[in-house]
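Good morning, and thank you for coming. I would ask you to look at the sequence and the structure while I speak.

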Amino acid sequence: MTPDRRQFLAATATATAPLAAAPLAAAPPAAKPRPVRVGVSTYSFWQFKNDKLRNVEACVNLAGEMGFDAVEVLHRQMTDEAPAALQRLKRAAFLNGMALCGFSTHQGFVFPDKGERQKNVDHTVRCLELCYAMGIPTMRVNTGRWGTTKSFDDLMRDRGVEPALPGVTEDEAFKWVTDALGACLKAAEKCGVVMGLENHWGLGRTPEGVLRVVDAVDSPWLRVTLDTGNFLEDPYDRLEKLAPKAALVQAKTYHGGGLWYTLDLDYDRIARMLRKHKYAGYVSLEFEGKEDPLTAVPKSLDLLRKAFAA
């Protein structure tokens, strides 16, 4: 080896020695989980009865003033479905720094008449298209109920339990629901909207009923809308059964006493359960109490913010 070559190697070793001896950089600290984002359903203001608070765009602006992160739109509250009206809602949410996080719709598939079930499929597809127009990523859907109890007040008095239709088995009814929601999957995928089957009344009254449909359809475009106020007995165990498949959580509060019933829900416990199942979506307030929404909704927001803070 020539002297020049030896001098070059020696100099190189000296220059790189500090680098070789330097310790490896410490791994970056794990990111802290962000707080769950809290939205509000426009139903919280209207409740099917308060005409002064029916205007959906006004509800969006109210939600922005109160400090919510998002708004869930109740379809039955809408009085204008023209394209321009849909875009105004999207614009109002954007200017308030909020998302439109959900669309709450009504349909039912528990009908022996195939034509009646198809009407509800068509309605559901239309609602998926409305979601697409407003940029809403998930839509609440229902199984529907037997309809043998005509009054909703009577249904609530009976804790959501009603007799089956004469001559119809539960297995038949579940197949109607499964087939109908399956028929909506192509539209859901095309629109990019995840349907969320709610634990509601009818065949969705129990977690087993909801999961029977969701598991049978077996599609990423059908998951669960988890309503904290629709299990009237043993709510926590039942909610936990559905939590792993939740696309949206609807959180009920009852300031002033409930419209039909009142549940004393422990939201700290519910928040811990959802964190355990790594739920990272929106929590949408559904205020269902008798107090004035203009005072009760902000109190509900404060309750949910504290419970769901990371």
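I shall discuss one histidine, then the aromatic rings, and finally the cysteines. Please keep in mind that this is a predicted model.

Let us begin with the histidine. Where in the chain is H75 found? H75 lies in the loop that runs between strand β2, residues 70–74, and helix α4, residues 83–95. Is H75 buried or exposed? H75 counts as buried, because its relative accessibility is 12% and the cut-off for buried is under 20%. Next, consider the surroundings of H75. Its side chain makes a polar contact with the side chain of E81, at 2.7 Å. Leaving aside residues up to four places away in sequence, H75 touches E81, F103, S104, T105, H123, C127 and L130.

I now turn to the aromatic rings. A pair of aromatic rings is described by the distance of the centres and the angle of the planes. How many aromatic pairs are there? The count comes to four. One of them joins W46 and F48; this pair is tilted, with 5.0 Å centre to centre and 55° between the planes. W46 is buried, at a relative accessible area of 5%, whereas F48 is partly exposed, at 40%. Another pair, F152 and W260, is edge-to-face: the centres are 5.1 Å apart and the angle between the planes is 85°. This pair links distant parts of the chain, 108 residues apart. F152 belongs to helix α6, residues 152–157, and W260 to the loop between β7 (246–253) and α11 (267–276). F152 counts as partly exposed at 32% relative accessibility, and W260 counts as partly exposed at 34%.

Ring pairs also link Y43, W46 and F48 into a cluster. A ring may have a charge over it as well: the charged end of R37 sits over the ring of Y282, 4.5 Å from the ring centre.

Finally, the cysteines. A disulfide is a covalent bond between the sulfur atoms of two cysteines. How many disulfides does the structure hold? The structure holds zero. For C131, the nearest cysteine sulfur is that of C127, 7.4 Å away, and C131 is in no disulfide. C131 is buried, with a relative accessible area of 0%.

Thank you for your attention.

Notes. Residues numbered from 1 in each chain as written. Predicted model: local features only at pLDDT ≥ 70, side-chain atom pairs only at ≥ 80, totals over all residues. Heavy atoms only, no water. Helix = DSSP H or I, 4+ residues; strand = E, 2+ residues; numbered from the N terminus. Buried < 20%, exposed > 50% of the residue type's maximum accessible area, 1.4 Å probe, protein only. Polar contact = N/O pair within 3.5 Å; in protein donor to acceptor, adjacent residues only side chain to side chain. Contact = heavy atoms within 4.5 Å. Phe/Tyr/Trp six-rings, centres within 6.5 Å; stacked < 30°, edge-to-face > 60°. Lys NZ or Arg CZ within 6 Å of the ring centre and 35° of its normal. Disulfide = S-S within 2.5 Å.
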